[in-house]
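Biologist: I would like to learn how to read a model like this one, feature by feature. Could you take me through it?

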Amino acid sequence: FRAGRIDPRIREDDDEHGRERERVGPQHERRGRLFGRGPAHRKEEPGGFLLIRSRGLESDWDIWAMAMSGDRNPFAVVRSRFEERDAQFSPDGKWIAYQSDRSGRFEIYLQPFLSDGEPSPISTNGGAQVRWRRDGRELFYLAGDGRLTAVPISLPATAGRPDVGAPEPLFAPAVSSRRDIA
């Protein structure tokens with residue numbers, strides 16, 4: 001897996017040092033780090049796939065996936081000359097939401113996983129740190145103005161584009177910097 005300069009060989013239940021990885025959330029989302037010449041961020045989907053954020057040789061940060069059993073060869077899910085990151089699987093594992101700077105600033109996009117489909121823009125005023133509601137009917141993200149924003153989503157049962165509602169700002173979360181924590 002030279003394109004991303006990352007060695008994805010890692011045991012399912014242990015990290016690269018033999019320690020059990022942290023499991024959080026109702027679906028035991030696994031968080032870990034793959035080591036190579038750069039950091040990677042990974043999220044496991046209940047169906048046994050792993051999302052990997054990797055820096056390519058010819059592109060900026062991209063989103064790759066790898067099956068946790070069988071053929072464990074990573075493959076590109078979102079690969080472009082832009083930066084894509086912080087991908088999140090939908091609760092059913094059929095869609096991914098992520099942020100990309102393809103518009104000139106980071107925005108939130110949604111696209112099918114393991115099937116053809118163009119990315120659907122979700123945010124309209126910048127976006128980062130996207131998360132799904134547990135039932136998959138809403139996305140939450142931090143908008144460019146720092147406010148937590150919700151967008152209703154209706155995912156198609158088969159092929160097609162999702163029905164995306166209007167972004168609704170909820171509130172500005174109180175966030176402290178590391179300097180304030182000491």
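This is a predicted model: local features need pLDDT of at least 70, side-chain atom pairs count only at pLDDT 80 or more; totals for chains, interfaces and linings use all residues.

Biologist: Let's turn to the strands. In what order do the 4 strands of the open sheet come?

Modeller: The general idea is that strands of a sheet pair through backbone hydrogen bonds, in either a parallel or an antiparallel way. Here the order is β7-β8-β9-β10, with antiparallel pairing, and the sheet is open. β7 (84-89) and β10 (120-121) are the edge strands; each has a single partner, so one side of each has no neighbour in the sheet.

Biologist: How many bridges join β9 to β10?

Modeller: Strand β9 (residues 107-112) is joined to β10 by 2 bridges, and the two run antiparallel. If you want to find one of them on screen, look for L110, whose bridge partner in β10 is S120.

Biologist: And the loop between β9 and β10: is D116 buried or exposed there?

Modeller: D116, which lies in that loop, is exposed, with a relative accessible area of 78%. D116 also shows how sequence and space can be read side by side: A159 is 43 residues away in sequence, while the C-alpha atoms of the two are 8.6 Å apart.

Biologist: Now the rings. How many aromatic pairs does the structure hold?

Modeller: A pair of aromatic rings is described by two values, the distance of the centres and the angle of the planes. This structure holds 4 such pairs. One of them is F49 with F113, an edge-to-face pair at 5.4 Å centre to centre and 80° between the planes. F49 sits in strand β4 (residues 49-55) and F113 in the loop between β9 and β10, so this pair ties together parts 64 residues apart in sequence.

Biologist: Which other ring forms an edge-to-face pair with F113, at 5.0 Å centre to centre?

Modeller: That is F89, with 85° between the planes. F89 belongs to strand β7 and F113 to the β9-β10 loop, so the pair links parts that are 24 residues apart in sequence. Both F89 and F113 are buried, and F113 has a relative accessibility of 6%. Ring pairs join F49, F75, F89 and F113 into a cluster.

Biologist: Which rings have a charged residue over them?

Modeller: Two cases to look at: the charged end of R85 sits over the ring of F106, 4.4 Å from its centre, and R102 lies over the face of Y109, 5.6 Å from the ring centre.

Biologist: What about the interior? Which residues of the largest nonpolar core touch the most other members?

Modeller: In soluble globular proteins, nonpolar side chains tend to be buried together. In this model the largest nonpolar core has 13 residues, and those touching the most other members are L51, I63, V77, I96, Y98 and F113. At least two residues come from each of β4, β5, β6, β7 and β8 (95-100). The strand that gives the most is β5, with 3 residues. Apart from this core lies another, of 12 residues, among them A97, V130, V151 and I153.

Biologist: How many residues of β5 are buried?

Modeller: In strand β5 (residues 61-67), 7 of 7 residues are buried. W61, I63, A65 and A67 point one way, and D62, W64 and M66 the other way. Strand β6 (residues 75-78) runs antiparallel to β5 and is joined to it by 3 bridges; V78 in β6 is the bridge partner of I63.

Notes: Residues are numbered from 1 along each chain as its sequence is written. Side-chain values use heavy atoms; hydrogens and water are left out. Two strands pair if DSSP finds at least two bridges between them. Buried means under 20% relative accessible area, exposed over 50%, partly exposed in between (1.4 Å probe, protein chains only). Rings of Phe, Tyr and Trp (its six-membered ring) pair if their centres lie within 6.5 Å; planes under 30 degrees apart count as stacked, over 60 as edge-to-face and the rest as tilted. A charge sits over a ring if NZ of Lys or CZ of Arg is within 6 Å of the ring centre and within 35 degrees of the ring normal. A nonpolar core is a set of buried Ala, Val, Leu, Ile, Met, Phe, Trp, Tyr and Cys residues joined through side-chain atoms within 4.5 Å.
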